Amino acid sequence: MSTNHNNHAALAAAFNKDEPRVEWHDQTLWWVRKKRDIAAAKVPDWEALRDTASRIKDNVLSNLSGYLRQFEEEAIRNGITVHWAADATEHNQIILSLLQKHKVDKMVKSKSMLTEECHLNEFLHENGVEVIDTDLGERVVQLAGEPPSHIVLPCIHKKKEEIGEIFHEHLGTPAGNADPQFLTHAARLHLREKFLTRRVALTGVNFAVAETGEFVVCTNEGNADMGAHLADVHIACMGIEKIIPQRRHLGVFLRLLARSATGQPITTYSSHFRRPRPGQEMHIVLVDNGRSVHLGRKDFRNSLKCIRCAACFNTCPVYRRSGGHSYHTAVAGPIGSILAPNLDRSKYADLPFASTLCGSCSNVCPVKIDIHEQLYKWRQVIVQEGNATAGKKAAMKAMNWVLSNPSVYHGAGRAGRWFMLNAPFTVNNGLNAWWRQRDMPVAPKQSFGEWYKKNKH
Amino acid sequence: MTKHRVGLFIPCYVDQFYPQVGIATLELLEKFGCEVVYPPNQTCCGQPMANSGFEHLTTGCNDLFIKNFSEFDYIVAPSGSCVLHIKEHLHGSDIPKKMYELVEFLTDVLKVDSLEASFPYKVGLHQSCHGQRGLGLAQMSELMAPPFSKPQQLLDLVKGIELINLDRVDECCGFGGTFCVAEEAVSVKMGKDRVADHIHHGAEVITGADMSCLMHLEGILRRQKSDVRVKHIAEILNSQIKA
């Protein structure tokens with residue numbers, strides 16, 4: 001699938017056609033990064049907290065099967081039905097069969113990146129089920145017919161005027177009204193009716209506690225709670241890496257999550273679900289979908305520590321200037337770029353290259369994933385597996401030949417500088433991606449090596 | 001004082017395009033009493049290939065580097081990025097622990113605390129990522145830890161210099177090696193935004209410890225017909241410009 005090799009670059013170039021919009025997108029997310037900095041600075045020993053979280057997750061990854069079995073046992077004891085899904089297909093089928101069992105063709109769903117990863121909405125739609133996303137941002141992109149562009153702020157790429165237009169078209173709000181408070185109120189009325197009438201609610205899971213068989217869902221809007229508490233059936237879907245050993249570990253992760261994500265001390269709702277209320281059914285679907293394979297990759301396994309805070313998105317200078325859709329995957333940004341190649345190396349061969357390897361992502365990561373180092377390592381794997389273009393391979397081999405042979409290098413350097421001085425059109429043309437928007441350096445008459453030979457020998 | 005025997009590594013693009021940076025580096029090291037030798041058969045650290053996913057092709061560069069530099073007590077280069085690459089990839093030799101970026105060599109090994117330099121301009125300091133986050137030349141804005149900056153520590157010793165503040169103290173410029181052409185649109189936008197931050201705060205000169213970032217920013221400045229210039233930190237530390 002060589003056509004995919006330049007996807008991020010091409011999609012990012014398209015995003016950059018509207019420069020003021022890029023600036024707005026960049027500044028909006030930078031503002032979130034700054035909020036994160038302020039919130040983190042208020043916690044004494046923030047770095048020690050990150051270290052603790054990272055080590056707890058190390059323990060989880062080393063004992064994953066044990067914790068999952070413990071969780072299953074406890075959850076069953078609590079009256080929760082536990083399902084195991086090996087991949088996205090199984091996951092989607094489990095949800096559909098639960099809906100069919102209850103003869104339901106309408107469902108509310110709070111934020112779950114896992115269901116985005118599994119393309120659940122499309123699958124259910126094809127099977128005649130209407131899904132209403134109840135997170136406000138998710139609902140906006142759903143009405144717009146787009147995937148989320150950010151895992152915490154799904155419609156961050158949309159301006160309020162555009163949201164006003166979408167609501168006007170779909171919810172009948174007055175044309176031209178882009179007042180955030182007004183639009184939020186309209187969404188609230190729209191969603192209230194859905195909450196009251198839907199019998200099945202699906203939620204994501206932020207943390208599942210092995211010790212108690214409970215799970216925690218974090219939202220700012222309370223939409224997960226509204227859905228789950230009003231529905232007859234609550235289905236929670238989680239990737240198997242979301243497990244933590246003990247309830248007390250929430251004291252580490254809940255302190256890190258919202259501060260890293262949005263700069264809030266904690267999400268408005270951190271709801272613990274332990275057992276179904278009388279008369280309610282509660283299901284949890286534990287999904288692998290490539291995770292156990294990933295766990296076996298020494299260089300990449302610790303990306304499974306991710307708690308989906310998106311701090312790496314907000315700090316990433318490339319993400320801020322290319323937009324989430326340019327990553328063409330459910331989880332975008334730096335973390336998405338190291339998770340996606342696990343699922344499909346050919347389709348996502350471009351993503352590890354969509355980075356300058358600046359390292360800011362690894363520094364903000366609350367669980368200390370070495371994101372930029374994994375990006376580098378994925379590049380090696382992708383090339384070794386033959387996913388580099390023929391042109392790039394040829395260029396790299398030529399570069400290697402020049403740089404491994406000092407006499408060739410010196411000759412090439414002299415020739416290159418001669419052309420730049422005497423025939424600048426050979427480098428200053430539209431084929432040169434450097435020159436299109438940047439001037440070439442002014443070539444000096446002699447290199448440092450030549451100067452040294454003349455003056456120091 | 002024992003004389004430090006220093007092997008000077010001048011990265012390929014500095015050698016070819018910015019010989020004055022190599023000269024300033026050499027003169028600075030000699031001013032501080034080092035015996036400096038430039039092995040003539042050096043080429044490149046191999047990073048352009050490695051960062052593009054072709055680390056397996058870099059053995060030629062690695063072998064050449066070891067051949068050229070094994071004999072020295074210290075190896076110094078005016079580039080954080082190339083130094084980081086050498087330190088992280090030249091396994092199986094003692095080169096990584098002898099390898100220094102110029103600024104850290106001046107502050108940590110030579111312990112420079114005074115300079116005969118003057119540079120009467122408003123200067124913006126660009127913290128290049130590999131030097132800063134990779135080598136730890138300065139504290140990183142993401143970490144909740146006490147601030148420090150080795151480049152600034154040296155620039156503060158220069159007479160007449162006025163360091164400007166920036167809105168984003170350590171945002172990447174977007175050079176990124178082959179990223180600068182493979183992801184041209186984002187790379188250029190990142191560079192334009194960096195340049196704008198410096199210009200907004202009144203910089204006349206943008207400096208840094210990595211000429212590659214500065215080459216990228218210079219390309220943008222020239223295209224904008226801006227009067228703002230770029231200077232490698234070695235050039236400023238070796239400067240004798242009177243007001």
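The model is predicted, with local features needing pLDDT of at least 70 and side-chain atom pairs counting only at pLDDT 80 or more, while totals for chains, interfaces and linings use all residues. Residues are numbered from 1 along each chain as its sequence is written, and chains are lettered from A and ligands numbered from 1 in the order in which they are written.

Chain B holds an open, parallel sheet of four strands, running in the order E6-E5-E7-E8. Strands here are DSSP runs of E with at least two residues, helices are runs of H or I with at least four, and both are numbered from the N terminus; two strands pair if DSSP finds at least two bridges between them. The edges are taken by strand E6 (162–163) and strand E8 (229–232) of chain B, each of which pairs on one side only. Strand E5 (residues 122–126) of chain B joins E6(B) through two parallel bridges, and here B:Val123 sits opposite B:Leu163. E5(B) also pairs with E7(B), again in the parallel sense, over four bridges; B:Leu125 has B:Thr207 of E7(B) as its bridge partner. Another four bridges link E7(B) to E8(B), in parallel, with B:Val205 partnered by B:Arg229 in E8(B).

What makes up the β-α-β unit with E7(B) and E8(B)? The helix is H12(B), and the unit is right-handed, in the sense that, with the strands pointing away from the viewer, the path from the first strand over the helix to the second runs clockwise.

Chain A splits into domain 1 (2–14 + 16–27 + 308–363 + 370–384), domain 2 (45–289) and domain 3 (396–456), with bounds from an automatic or database domain assignment. The centres of domain 1 and domain 2 of chain A, taken over C-alpha atoms, are 24 Å apart. Each of these two domains of chain A puts 12 residues into their contact, where residues count as touching if their C-beta atoms, placed from the backbone, lie within 7 Å. On the domain 1 side, seven are nonpolar, four polar and one charged.

Between the chains, 59 residues from chain B meet 59 residues from chain A. Several helices of chain B supply at least two residues each to its side, among them helix H2 (19–31), helix H4 (59–69) and helix H11 (184–200). The largest share, seven residues, comes from H12(B). Nonpolar covers Ala, Val, Leu, Ile, Met, Phe, Trp, Tyr, Cys and Pro, charged covers Asp, Glu, Lys and Arg, and the others, Gly among them, are polar.
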